[in-house]
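User: I would like to go through this model step by step, with the cut-offs stated as we go. Please begin with the terms for accessibility.

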Amino acid sequence: MKKIKTLLKIYKSQLKAVYTDEKEIEAIFYNLLENFYSVSKIDVILNPQLEIEEEKLLKALEKLKNHLPWQYITGNAFFYGLELKVNPHVLIPRPETEELVQWIIDEHTENPPKKILDIGTGSGAIAISLSKKFSDSDVYAMDISDKALKVAELNAKWNSVKLNLIQSNVLEIDELSDK
């Protein structure tokens, strides 16, 4: 058992070569703490002497030192107010992509699209977000990878939306009108 504050110091000292921003290291540390132990930053502030079994955090530290994103370690990512499952078969949704989703929503609020196609859907982040906003639209999520489509399917169920999944390479499709 180690004090959480001691583990945070270990994270900061060992990850400064990987992450230049100390606040980013702290954010990653507290995200892992919450995911692994259901202990929040507030819990630590209120109880500075709090101790935990450190094995999971130390294993995660080794993965982080090898540049594995924390989202793959926890299996979770957040996108446009949604929680998504992620793994190395899909890219981690980027904040910049949230801006794209917002732009699409802003452009189509008065005239919602009947059909939406997300090519290279990966985790399904874009397709799910748009399906949430445009619930009457038929949303198609295409990816070449069956493993990525399984993640998208899981995320669609997790977020209570219906996606039409298509496994295909967009460069090899003559017509999408039949899909």
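Analyst: Buried means under 20% relative accessible area, exposed means over 50%, and partly exposed lies in between, computed with a 1.4 Å probe on protein chains only. This is a predicted model, in which local features need pLDDT of at least 70 and side-chain atom pairs count only at pLDDT 80 or more, while totals for chains, interfaces and linings use all residues. Residues are numbered from 1 along each chain as its sequence is written, and side-chain values use heavy atoms, with hydrogens and water left out.

User: Is E22 buried, exposed or partly exposed?

Analyst: E22 belongs to helix α2, where helices (H or I, at least four residues) and strands (E, at least two) are DSSP runs numbered from the N terminus. Its C-alpha lies 6.7 Å from that of K12, although E22 and K12 are ten residues apart in sequence. Because the relative accessible area of E22 is 46%, the residue is classed as partly exposed.

User: How many helices and strands are there in the protein chain?

Analyst: The C-alpha trace of the protein chain spans about 60 × 35 × 30 Å along its principal axes. Of its 179 residues, 40% count as buried. The secondary structure of the protein chain consists of eight helices and seven strands.

User: What percentage of the contacts with a separation of 6 or more is between residues 24 or more positions apart?

Analyst: A contact means heavy atoms within 4.5 Å. For the protein chain, the share of contacts with a separation of 6 or more that join residues 24 or more positions apart is 56%.

User: Which residues lie nearest the centre of the largest pocket?

Analyst: On a 1 Å grid over the protein atoms alone, a pocket is an open set of points where a 1.4 Å probe fits, with protein on both sides within 12 Å along at least five of seven lines, and lining residues have an atom within 4 Å of a point. The largest pocket holds about 240 Å³ of space, the volume being that filled by probe spheres set on grid points joined across faces, edges and corners. Both β5 (115-119) and α7 (125-133) supply at least two residues of its lining. Among the 14 lining residues, those nearest the centre are L91, P93, G120, T121 and G122.

User: How do the residues lining the second largest pocket divide by class?

Analyst: The second largest pocket, with a volume of about 210 Å³, is lined by P69, W70, Q71, A77, F78, I92, P93, R94 and P95. Ala, Val, Leu, Ile, Met, Phe, Trp, Tyr, Cys and Pro count as nonpolar, Asp, Glu, Lys and Arg as charged, and the others, Gly among them, as polar. On that scheme the lining divides into seven nonpolar, one polar and one charged.

User: Is S129 buried or exposed?

Analyst: S129 lies in helix α7 and touches F79, Y80, L82 and V101, not counting residues up to four places away in sequence. A polar atom of its side chain is 2.8 Å from the backbone oxygen of A125. Because its relative accessibility is 2%, S129 counts as buried.

User: What is the phi of H67?

Analyst: Most residues other than glycine have a negative phi. H67 sits in the loop between α4 and α5 and, with a relative accessible area of 59%, is exposed. H67 is not a glycine, yet its phi is positive, at about 70°.

Note on methods. Polar contact = N/O pair within 3.5 Å; in protein donor to acceptor, adjacent residues only side chain to side chain.
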